[in-house]
Structures are given as C-alpha cells and as structure tokens.
Amino acid sequence: MKMYGNWRSAASFRVRAALNLKGIPYEEVFLDIDAGEHTQPDFLAINPQGAVPALFVDDGPPLTQSLAILDYLEETHPEVPLLPADPRPRARARSLAQLIACDTHPLYTPRVRKQLMKAYDLSKERAMEFLHFAFTNGLKTLETRLASEPGSGRFMQGDAVSHADLCLVSLWAGTGIFGVDTSPYPTVKRIAEACLALDAVARAHPLKQPGAPAA
Ligand SMILES: N[C@@H](CCC(=O)N[C@@H](CS)C(=O)NCC(=O)O)C(=O)O
C-alpha cells in the first residue's frame, strides 16, 4: 500500500497506527502541507479535497477520509481487530472516534486557521486561540465521558485498542505540537499514554516521521 500523508497530520497518524497494528506493509509519501504541496494539481488529481491521508490499496483510485480507511482496513484485515465485536461497545468506540475526527479535528486544520487569518483578518495569535478552543472543547467532553462511562477501561473502550484510541492519540499528539494545556484531563492522559506505550502506535507518532522538527 502507498499512502500520501504529512508528519504533523492527525488523520495520517490514525491510519499509520492502524497499518502498523495490523502489520500491513506500506510506504508513505510525505507532503509538505506548510509549503502547500497538498494544493498543487498533482495532488488534487489524487484527492480533490487537498487533504491527507490518501491511501492506494490497489490499482484503483485511492481511499480518502481516515475513518473510512480505518473501516476498510478493519473489513479487509480483521485478524488484529480494532473495533469491538459486539454492537453496543462498537457503537461507543465509533462515537468516541467521531467526537474527535468529525467534531474536534476539523476545527483546527490548516485550511481553517488560514481562512480565519485571511477572511476575518485574525492575527496568528488569535487564530491559535481558536485552535486551543477547538482542542479544549473536545478534550473536556472526552474527559467527562471517559471518566464517567462504564465502557472505559485500559483503553477508551474496554481493554483493547480501537479506532477511538487511534483518534485519541492523534489529538493528544496535537496538544504537544500546539502547546495545549492537558493538566485538566487526567483520564485522557492515562489512556493516551497507554496507547503510545504500544510500539506500533509509537512508531506512527508525528514526531517520528520525516519532516518533523527534532524536538
Ligand atoms: N476528515 C479527514 C481530514 C483530512 C484533513 O483535514 N487532513 C489534514 C491533515 S490532518 C490536511 O490535509 N489538511 C490540509 C489543510 O487543512 O489545508 C480525515 O479524517 O481524513
């Protein structure tokens, strides 16, 4: 498999971690999002949305949207399951994953920050305030849910890693990169650290990818 991604990309991290956990070999082409490589015609021909990841799984067009890719990998490589088998915990794992991937992450993507600065004349500092709002809004809900719901265990849903955890680590890595205060979220921290203790997840971390800053 061949994936187009970016070192900092939360959505690419989720897919990379799933590929590693399932033991699926892949190569990654790292686009420089800061330099706008994802908006060039060559890449728009791959994903007209101008967003990573895009994963080529066969000779056909690539798969896009990290949650759809995670589902595809789950259905085609079920040997290492990343979703619970029972419908109810499965729905909860998906709910937690979507809270992050659908309702939190989109608010802090580069295109949103750029638009805030360009169309609404916000300074970089004010755009970063909005980014911090997006993170803390998601983190607060996650902390409340994870600390109070009976489904939580060693990981977000029970004691096995699921799509929810892959989304969580992608959010957690962003808190480090963007300097978000994580002290109010001890349950989120505990679970994120449990995930990052897994070699397959640690190897997929943004700061371990080509193009990432040294520290
Ligand atoms: N919902 C998409 C999000 C894709 C996305 O926004 N990717 C980011 C990197 S994490 C990107 O390519 N952003 C480019 C931009 O915002 O200009 C997914 O889960 O795959």
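1. Domain bounds, as used in this note, come from an automatic or database domain assignment. For this chain the assignment gives domain 1 (2-80) and domain 2 (87-202). The C-alpha centres of the two domains are 19 Å apart.

2. The model is predicted: local features need pLDDT of at least 70, side-chain atom pairs count only at pLDDT 80 or more, and totals for chains, interfaces and linings use all residues. Residues are numbered from 1 along each chain as its sequence is written, and side-chain values use heavy atoms, with hydrogens and water left out.

3. Contact between the domains (heavy atoms within 4.5 Å) involves 17 residues of domain 1 and 21 residues of domain 2. Buried area is the accessible area (1.4 Å probe) that two parts lose on being put together, summed over both. By this definition domain 1 and domain 2 bury about 1600 Å² between them, with 69% of it on carbon and sulfur atoms. Of the area that domain 1 buries against domain 2, Phe 13, Arg 14 and Leu 67 supply 36%, more than any other three residues.

4. A salt bridge is a side-chain nitrogen of Lys or Arg within 4 Å of a carboxyl oxygen of Asp or Glu. Between domain 1 and domain 2 the count is 1 salt bridge. Asp 71 and Arg 94 meet through their side chains in a salt bridge (3.4 Å, N to O).

5. Helices (H or I, at least four residues) and strands (E, at least two) are DSSP runs, numbered from the N terminus. On the side of domain 1 that touches domain 2, helix H1 (10-22) and helix H3 (66-76) each supply at least two residues. H1 gives the most, with 8 residues. The residues of this side divide into 11 nonpolar, 2 polar and 4 charged; here Ala, Val, Leu, Ile, Met, Phe, Trp, Tyr, Cys and Pro count as nonpolar, Asp, Glu, Lys and Arg as charged, and the others, Gly among them, as polar.

6. An open sheet of 4 strands has the order E2-E1-E3-E4, with mixed pairing; two strands pair if DSSP finds at least two bridges between them. Strand E2 (27-30) and strand E4 (63-64) are the edge strands, each pairing on one side only. Strand E3 (residues 54-56) runs antiparallel to E4 and is joined to E4 by 2 bridges. Leu 55 stands opposite Leu 63 in E4.

7. The whole structure contains 9 salt bridges. The side chains of Asp 34 and Arg 8 form a salt bridge (2.9 Å, N to O). This pair links distant parts of the chain, 26 residues apart: Asp 34 lies in the loop between E2 and helix H2 (41-44), and Arg 8 in the loop between strand E1 (2-5) and H1.
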